[in-house]
Amino acid sequence: MELHQLTIHELSEKLRSKETSSEEITASTFGRIDAVEKDVHAYITLMKETAFAEAKRADEAIKKGECGVLTGIPIALKDIVCTKGTLTTCGSRMLSNFIPPYDAAVIEKLRAAGAVFTGKTNMDEFAMGSSTETSFYGTSRNPWDLERIPGGSSGGSAAAVAADECIASIGSDTGGSIRQPAALCGVVGLKPTYGRVSRFGLIAFASSLDQIGPFTKDVEDAAIMMNVLAGYDNRDSTSSIEEVPDYRQFIGKGIEGWAVGIPREFFVGGLDPEVEKAVRQAVKTVEEAGARCVEVSLPHTEYSLAVYYIVAPAEASSNLARYDGVKYGFRAPESRDLLDMYKKTRSAGFGTEVKRRIMLGTYALSSGYYDAYYKKASQVRSLIKRDFDEAFTMCDAIITPTTPTPAFRIGEKTGDPMQMYLSDLFTISTNMAGIPGISVPCGYSASGLPIGVQFLAAHFQEGRLLQIASAYEKQANIEKRRPNL
Amino acid sequence: MEFEPVIGLEVHAQLLTDTKIFCGCSTRFGAEPNSHTCPVCLGMPGVLPVLNKKVVDYLLKMAMATHCTINRESSFARKNYFYPDLPKGYQISQYAEPPAEHGWVDIETEAGKRRIGITRIHMEEDAGKLIHDENSPSSYVDLNRTGVPLIEIVGDPDIRTAEEAAAYLKRLHEILVYLEICDGNMEEGSFRCDANISLRPVGQKAFGTRAELKNMNSFRNVQRGLEYEIKRQQYILESGGVVVQETRLWDDAAGVTKSMRSKEEAHDYRYFPEPDLVPVHVDDKWLEEIRSAMPELPLEKRERFVSQYQISPYDAGVLTSGRALADYFEEVARLSGQPKAAANWVMGDILRLLNEDKKTVVECPVTPTNLARMITLIQDGTISGKMAKDISEAMYTTGKTPGEIIEEKGLVQITDENALAAALSEILAKNPDQVAQYRAGKDKLFGFFVGQAMKATRGKANPQMLNDLLKKMLSNQE
């Protein structure tokens, strides 16, 4: 095994025992990037120079016996989190020249934990998409099949982990943007409870839904990452003061006697037979691990997509109003007057999908339509949340497929936004309810594409989530394959 | 047909917090453009607002002072529109759940007393400023003011005349300044007013079509603008026309209002709940903290001054026109034990001297202790009122105590009857003709003798004693 193929906890062991150095790990990782990045295109910006400087510092720290869990570990960052002094594009032409003068809260935390940043990963423009195809910087490839998408919007971060172009990565999830690409790329992806991780410095798509979370090679690494990322931040009024447990303590604990809910609304038409088979198998595995599976109902699930496509675009239409060419970012040249500058800048600066959602959202908030759309959607959202609250009175966790199908082909759904939106069918309601969710690999399709199973837990029950995910991972013992790059 | 104006005012008051409403930047006016900015108030990607609690404190004060119902939970909303002085493309304001509603203030005009309702008061952030240079094809943006906290006070459409509008504004202004939550400077824009005005036939309940009036940056302009607008709408209606719903700007130089934008061009602000902020909860403890720190308000103070100090309502009005002035007066009254004299001296010499220097009472070099001491010295006859005038001016210029000034200038009043009698005898002896004329009935000459006596004593003679003694000596026929 080469260094870049290992997990955080494996590398930390090696670093602690001085078996290797961060510089070696970093060199190995960048060697891998050099070899496969031209095929995968996981990154928008590489941070090689600063990475080696960080690696050097990490090695010095280790020498002094100051080795934290992330010290010297190469981590990739979705290009939606602001990095001081490093280009942060959000996958958009609009921010193609934007260098933030501040770090996002999670960047500060990762820095403090000693992480080495490999670069900024590709994503759908402003996180609007499920395939990275809306990125201004081109489409990332699924490492398991370069003709296919890696999922999105955090597709670059998922592909980078799957292709071993980093050890772990950071993504953001508004409707499934961590869990869906994690499933399609065969890695672990966790979306924390809304408010668990500070959003300060996370470029907003839909503020009431966005959460930052990790992509990792196994569940234990997800726990390690959560230990670093979670916690209150006084710069984010929506971040929670709820105490953060040591998530690692939940790894390896069993789930004997647990009740695991199977929502009947999630196993219906549109579910790919191979995915259904793999997830049904996962349910069996969970039972083998000692849990009891119970059917639960989330009756408002069928509205979650509709609600999402009102709430998220509405918030986005407002969040993206700041990109007007006045202060930073792209400005179209040669404008006659202010209005002309706005129009030209926003017409040329945003891609089609972003414009579509701005228009949807603007419409939903317009006077005369607000009650019928935004207000009604907010009410249904409360019902979706209540469904989950009720379900969690009957079970400790919920199990569902992460995605309806394995990775689809590049270009397959770009012509039909509805088809694209449907790929988030199983992940969206989680964001509506604000609860945490994790996608864990649960097998492969006949053609060798990864399939993911999703576990959900009640608010701030990331511990339970990691407990069942790790118990499943251990019990299932899915054959470890590597993409053939 | 007779028409009745219906006027409702919207007041924006900039709050005197040290820092902005959603970030830690300074709110100080007049700094280098864009020097009081940070990623949050610049609306950079990914940053988030955090509410300054002080702003809520100030809002609660104003809500209490205007008898509003305080809602225990209120929330923020986004008001969306594009403009270069609004970096986020939306203003964080409050919409569906305001923190304070249903208040009122009493006003008084020549027509009498009236109570004007307050619909609501809410918090919001100010926008920046555009700087236009006539010689340049582009404009500049200064975002120092972006995020400076405002409260918007929306008045009920209870006002019927331009004079009432001015009185209502002055009342709000006075309360804000008294509460020390707004400096009230209209020219710098810390106190701004928009007016909604329509006319309806007297007796009709339904409102007519309204115009929104902007750009009136003084009490006088508010009154003039409304007077103009009343006439304009009246003319339209009387000549059978229709008032158009629109926003109009007051043009001070031309003395007219001009159309700015019509209803069709009006913004759709697409208000929706601000997802980056959590609702504000005001608990009993918070309310009690504010309540216990509430100062006495101008109207209450005015009434108390009249009854406690037995001064006229007019004097009480002048003395309570500012909190610092009222405190100053009360201190002088307390220390001297002579409220009426204190009122006269504060309103007379002290205010005159301050006005001449364009200073406020806070900067007054005459301490209340010194002024009170001087009043006591007049009362016990140590100095005369005329001397006191000199002493007060000297105190003002030098900041010294009355004792020091009296000593320096040798100003102690001559109250020794023998000494004064000796001086008077000398004067009478020197002016036998005038004495004779006076005794023959030319009473006017009394003033002449007083003048001579004051000259001889260099003004130090106790006037009362001088008068008495002089009369006695002149009437003593030899």
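View 1. In general terms, a disulfide is a covalent bond between the sulfur atoms of two cysteines. This is a predicted model, in which local features need pLDDT of at least 70 and side-chain atom pairs count only at pLDDT 80 or more, while totals for chains, interfaces and linings use all residues; side-chain values use heavy atoms, with hydrogens and water left out. Residues are numbered from 1 along each chain as its sequence is written, and chains are lettered from A and ligands numbered from 1 in the order in which they are written. For A:Cys90, the closest cysteine sulfur belongs to A:Cys82 and lies 8.2 Å away, which is too far for a bond. A:Cys90 is also buried, with a relative accessible area of 0%, where buried means under 20% relative accessible area, exposed means over 50%, and partly exposed lies in between (1.4 Å probe, protein chains only). For A:Cys185, the closest cysteine sulfur is that of A:Cys166, and the 11 Å between them is too far for a bond. A:Cys185 is buried too, its relative accessible area being 0%.

**View 2. The overall build of chain A.** Chain A has 15 helices and eleven strands in its secondary structure, where helices (H or I, at least four residues) and strands (E, at least two) are DSSP runs numbered from the N terminus. Its radius of gyration is 21 Å, close to the 23 Å that the globule rule gives for 485 residues, so chain A is as compact as a globular protein of that length. The radius is taken over C-alpha atoms, and the globule rule is 2.2 Å times the number of residues to the power 0.38. Taken along the principal axes, the C-alpha atoms of chain A fill a box of roughly 65 × 50 × 45 Å. Of the 485 residues of this chain, 65% count as buried. Among contacts in chain A with a separation of 6 or more, 75% come from residues 24 or more positions apart, a contact meaning heavy atoms within 4.5 Å.

**View 3. The surroundings of A:Ser439.** A:Ser439 is part of strand S10 (residues 437-444) of chain A, and this serine is buried, with a relative accessible area of 0%. Its side chain is joined to that of A:Thr402 by a polar contact of 2.9 Å; a polar contact is a pair of N or O atoms within 3.5 Å, of which, within protein, one must be able to donate a hydrogen and the other to accept it, and residues adjacent in sequence count only if both atoms are side-chain atoms. Not counting residues up to four places away in sequence, A:Ser439 touches several residues, among them A:Arg179, A:Val188, A:Thr402 and A:Gln454.

**View 4. B:Gln94 in a loop of chain B.** B:Gln94 is found in the loop between strand S5 (90-93) and strand S6 (100-109) of chain B. Although placed in a loop, B:Gln94 is buried, with a relative accessible area of 1%. The side chain of B:Gln94 reaches the backbone oxygen of B:Ser75 at 3.1 Å. Residues that B:Gln94 touches, leaving aside those up to four places away in sequence, include B:Phe76, B:Pro99, B:Arg120 and B:His122.

View 5. An open sheet of three strands in chain B has the order S5-S4-S15, with antiparallel pairing. Its edge strands are S5 and strand S15 (272-273), each of which pairs on one side only; two strands pair if DSSP finds at least two bridges between them. Strand S4 (residues 77-80) and S5 of chain B pair in the antiparallel sense over four bridges, and B:Asn80 stands opposite B:Tyr90 in S5(B). S6(B) pairs with strand S7 (residues 112-125) of chain B, antiparallel and over nine bridges, and the two form a hairpin with two residues between them. B:Trp104 has B:Gly117 in S7(B) as its bridge partner. S6(B) also runs antiparallel to strand S2 (residues 69-70) of chain B, to which two bridges join it, with B:Ile70 opposite B:Ala100.

View 6. B:Arg220 lies in helix H3 (residues 219-238) of chain B and counts as exposed at 55% relative accessibility. The C-alpha atoms of B:Arg220 and B:Lys359 are separated by 23 Å, the two residues being 139 residues apart along the chain. The domain assignment of chain B gives domain 1 (3-285), domain 2 (296-409) and domain 3 (417-475), with bounds that come from an automatic or database domain assignment. The C-alpha centres of domain 1 and domain 3 of chain B lie 68 Å apart.

Methods
Disulfide = S-S within 2.5 Å.
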